[in-house]
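I opened the notebook today to look up charged contacts between side chains, and then one stretch of the surface. The entries follow the order in which I looked.

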Amino acid sequence: MQILNSPVLVGHGSQCGLVIEDPSVSSNHAEVFRRDGQVYVRDLNSEHGTMINGQRFEGEAVLQPGDSVMFGVVAFVLNGTELVAGHGTDHMETTGSGTATSNAAEPNSASSSAAAANQSELISAALVKLVTRLLRGYIWLVAATMVSAILMFVYYERARSGNSGAFDSWQTSDTLYTTLVVVSVVLSIPIFALLILWSDQTHRATEWLQPRGRQWTREWAIGAWFIPFANIVLLPLILGEIRKIATAARSNGKVGSTWQREGESSALLLWFVFYAPGLVFLWYGDAALDKVFDAEQYRNGLMMVLIGLGLTGAGATLAVTFIRDVSTKLGVDSRAAA
């Protein structure tokens, strides 16, 4: 296909000047055009992206003679000012109108290799390491907070029984408890942000595996974290879908249609089963700790706090297990995820 000054639309839609019938190609995927004697390709926010010589880019980029350009996983080569089908696209046909059509069901091997490489590169090993380490730090904080809550209970009972020295010890343990709670809340903010980023990256990475029948989009993988209460239901569904795609057997760089039959992750389900109720126990338990002069309410508050801390700590531990599992399946070095 000859590249002219006016942009040529690339995609699988019938309105395109270059029609590519491949599931990795969006309806309006990209534009190719000449400007000031050079050939440019502009990605139109396509789902699977556009790459030049194996490197994905956003916006527009210059295409030099001999460069390989991939729309999704379908490759072309720039020969002078003409875009020709790359190796392995034997089913590409050009009509008299200059429209090319691909009926290839499978991507070529070179394209599949590039797609697989990009899929793993989309997930930052540094991000996986950081989020898992922060979660481990959170777990240790939870354990320390549990110890301080137990000490509060012990010294509170001793102070009520008339032990004069126990009151000072109770105040110290109460101050320690409050400090640890504040630190835990502060630490949960970057953890929350990193979990959203990790969800986005793993969703993008699994898109390279071309799962047919996928239900949840990238926008849901990000936005579901911000929906109160509903996120307790939505996130296990979205992250569970990501894990199923990551776990499924692959052929020629993509998963088969049976990926939906993959089993559910017990670590993912228990993560939210433990963590969500744990937050509720902590909320009500911490409110009851203000009733210092009501012994029964104070004791009940401490018991609720201890239960809540145990549940959230278990949930965070399962989150680490799930994140490492999915990241490793998507090509992140297991040592980096440790």
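I began with Asp325 and Lys329, whose side chains meet in a salt bridge with 2.4 Å from N to O. The model I am reading is a predicted one, and I keep that in mind for every distance noted here. Both Asp325 and Lys329 belong to helix H7, where they are four residues apart, or about one turn of the helix.

Which other residue does Asp325 pair with in a salt bridge? I found Arg243, with the closest N and O atoms 3.1 Å apart. This pair links distant parts of the chain, since Asp325 sits in helix H7 (residues 295-329) while Arg243 sits in helix H5 (residues 231-247), 82 residues apart. Arg243 is buried, because its relative accessible area of 15% falls under the 20% cut-off.

My next entry concerns Asp200, which forms a salt bridge with Arg218, the closest N and O atoms lying 2.5 Å apart. Is Asp200 buried or exposed? I read a relative accessible area of 8%, so Asp200 counts as buried, whereas Arg218, at 36%, counts as partly exposed.

I also looked for salt bridges that join into a network, and I noted one that links Glu31, Arg35, Arg42 and Glu60. How many salt bridges does the count come to? I wrote down 10 salt bridges, among them the contact of Asp200 with Arg218 and the contact of Asp325 with Arg243.

Ile150, Phe153 and Val154 make a nonpolar surface patch, for which I noted an area of about 210 Å². I followed up Val154, which is found in helix H2 (residues 125-160). Val154 is partly exposed, with a relative accessible area of 31%; because a patch residue needs over 30%, I record that Val154 passes this cut-off at 31%.

Notes
Residues numbered from 1 in each chain as written. Predicted model: local features only at pLDDT ≥ 70, side-chain atom pairs only at ≥ 80, totals over all residues. Heavy atoms only, no water. Patch = residues over 30% accessible without salt bridge, like charges linked within 9 Å, V, L, I, M, F, W, Y side chains within 5 Å. Areas by Shrake-Rupley, 256 points an atom, 1.4 Å probe, with all protein chains shown as cover. Salt bridge = Lys/Arg side-chain N within 4 Å of Asp/Glu carboxyl O. Helix = DSSP H or I, 4+ residues; strand = E, 2+ residues; numbered from the N terminus. Buried < 20%, exposed > 50% of the residue type's maximum accessible area, 1.4 Å probe, protein only.
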